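This report walks through one structure, part by part.

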Amino acid sequence: MKFRTLDELLQLCEAENKSISEVMIENQAEESGRLAIDEFAQMKQYYEVMKEAVHKGLTENTQSRSGLTGLDAQRVMKVVEEGTPALGGEAGRAMAYALAVSEVNASMGRIIATPTAGSCGIIPGVFISSQERFGWSDDALVKGLFCAGAIGYVIANNSFVSGAEGGCQAEVGSAIGMAAGALVELHGGTPRQAVHAVGLALKNTLGLICDPVGGLVEIPCIVRNGFGAVTALAAADMALAGVRSVIPSDEVIQVMYEVGTSMPEKHRETAKGGLAMTPTGKKIMDELSKR
Ligand code: SF4
């Protein structure tokens with residue numbers, strides 16, 4: 001890749017008058033030795049899987065094997081469609097879709113890791129609900145996935161994208177940053193605004209620990225995806241309105257690295273701390289071990 005930081009990515013975009021997704025498509029094709037059109041076609045398939053996961057999560061039984069989670073997306077969707085959701089319908093829909101995909105993951109269904117399975121709901125939740133709302137074409141959304149991918153590439157190379165390495169800030173946090181930046185581009189914002197959205201979003205999840213109850217990617221992972229989708233919408237709106245990440249986004253990514261490396265092992269996907277070690281978390285773990 002011709003960039004390693006968001007600042008380098010931004011410089012490329014501004015020098016060549018291209019969007020983040022255009023720069024990413026070119027770079028990825030160069031890196032893989034494949035045609036850009038083939039890269040695009042593959043990403044389009046991934047987007048189809050995301051759409052199928054949303055649909056499945058909203059219409060089928062997503063009870064997980066552990067019995068701990070499932071069908072919450074459908075509960076939220078009912079309130080969005082028939083009730084008076086506190087959030088409002090649009091954000092509520094993004095949240096419900098994110099929950100849907102995460103529940104499909106927990107019930108062993110097919111998802112796309114964005115960037116990981118634990119955080120697989122946020123990008124589909126934001127993208128598919130926005131597509132329905134604004135009538136964007138599939139191709140526009142697929143381009144958006146390349147933008148998200150460029151942001152994820154930078155985060156992965158300068159910090160982490162896995163809970164075992166850097167806590168949940170690295171999984172759910174990264175996904176929120178990726179979704180927020182891409183959403184800015186989809187709305188016609190500049191690459192600079194998209195980069196600000198990443199910094200704004202990441203700041204909100206710094207320090208978030210990884211503490212899955214029973215070691216399963218269910219509690220608190222699923223609801224964090226729902227919250228994550230809403231945060232991504234908020235970060236995109238702030239950036240589009242001209243709010244800047246005063247601490248540059250690359251520096252925020254460095255903070256994520258610093259916080260992740262100093263995070264105790266018990267808060268990095270080991271299920272030895274946090275929510276996993278509450279009295280209820282321990283009881284659940286105990287019951288699961290007896291099965
Ligand atoms: S709590 Fe851990 S396993 Fe769950 S989504 Fe966050 S990083 Fe992933």
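## Helices α10 and α12

Helices α10 and α12 are roughly parallel to each other, because angles under 35 degrees count as roughly parallel, over 145 as roughly antiparallel, 65 to 115 as roughly perpendicular and the rest as oblique. The axes of α10 (residues 191-203) and α12 (residues 249-261) cross at roughly 30° and come within 8 Å. Axes here are lines fitted to C-alpha atoms, for helices over the stretch in contact, and angles run from 0 to 180 degrees between N-to-C directions. The crossing of α10 past α12 is left-handed; a crossing is left-handed if the near helix is turned anticlockwise from the far one by less than a right angle, and right-handed if clockwise.

The model is a predicted one, in which local features need pLDDT of at least 70 and side-chain atom pairs count only at pLDDT 80 or more, while totals for chains, interfaces and linings use all residues. Residues are numbered from 1 along each chain as its sequence is written. Helices (H or I, at least four residues) and strands (E, at least two) are DSSP runs, numbered from the N terminus.

## Helices α7 and α9

The axes of α7 (residues 138-158) and α9 come within 8 Å and cross at roughly 135°. This angle makes α7 oblique to α9. The crossing of α7 past α9 is right-handed.

In α9, 19 of 19 residues are buried, so the helix is mostly covered. A residue is buried if 20 or more other C-beta atoms lie within 10 Å of its own, exposed if 12 or fewer, and partly exposed in between, with C-beta atoms placed from the backbone. The end C-alpha atoms of α9 are 26 Å apart, which agrees with the 27 Å that its 19 residues should span at 1.5 Å a residue. The expected span of a helix is 1.5 Å times one less than its number of residues. Gly188, with a positive phi near 90°, follows α9.

## Around the ligand

Which residues come nearest to the ligand? Of the 14 residues around the ligand, they are Gly118, Gly163, Cys168, Cys210 and Cys221. The elements that give two or more residues to this shell are α9 (168-186) and α11 (221-240). Three residues, the largest share of the shell, come from α9. A residue is near a molecule or strand if its C-beta atom, placed from the backbone, lies within 6 Å of it.

By class, the shell has seven nonpolar, three polar and four charged residues. Ala, Val, Leu, Ile, Met, Phe, Trp, Tyr, Cys and Pro count as nonpolar, Asp, Glu, Lys and Arg as charged, and the others, Gly among them, as polar.

## Helix α11

Helix α11 has 20 residues, and the 28 Å from its first C-alpha to its last is close to the 28 Å expected at 1.5 Å a residue. Just after α11 comes Gly242, whose phi is positive, about 105°.

Gly228 and Gly88 are 140 residues apart in sequence, and their C-alpha atoms are 16 Å apart in space. Phe227 and Leu58 are 169 residues apart in sequence and 17 Å apart in space, C-alpha to C-alpha.

## Backbone features in the loops

Most residues other than glycine have a negative phi, and most peptide bonds are trans. A cis peptide bond joins Thr114 and Pro115, with omega about -5°; Pro115 lies in the loop between α5 (89-106) and α6 (122-134). Another cis peptide bond joins Ile219 and Pro220, with omega about 10°. Pro220 is in the loop between α10 and α11.

Asn17 is not a glycine, yet its phi is positive, about 55°. This residue sits in the loop between α1 (6-16) and α2 (20-32) and is exposed, with 8 other C-beta atoms within 10 Å. Glu269, also a residue other than glycine, has a positive phi near 65°. Glu269 is found in the loop between α12 and α13 (279-289) and is buried, with 24 other C-beta atoms within 10 Å.
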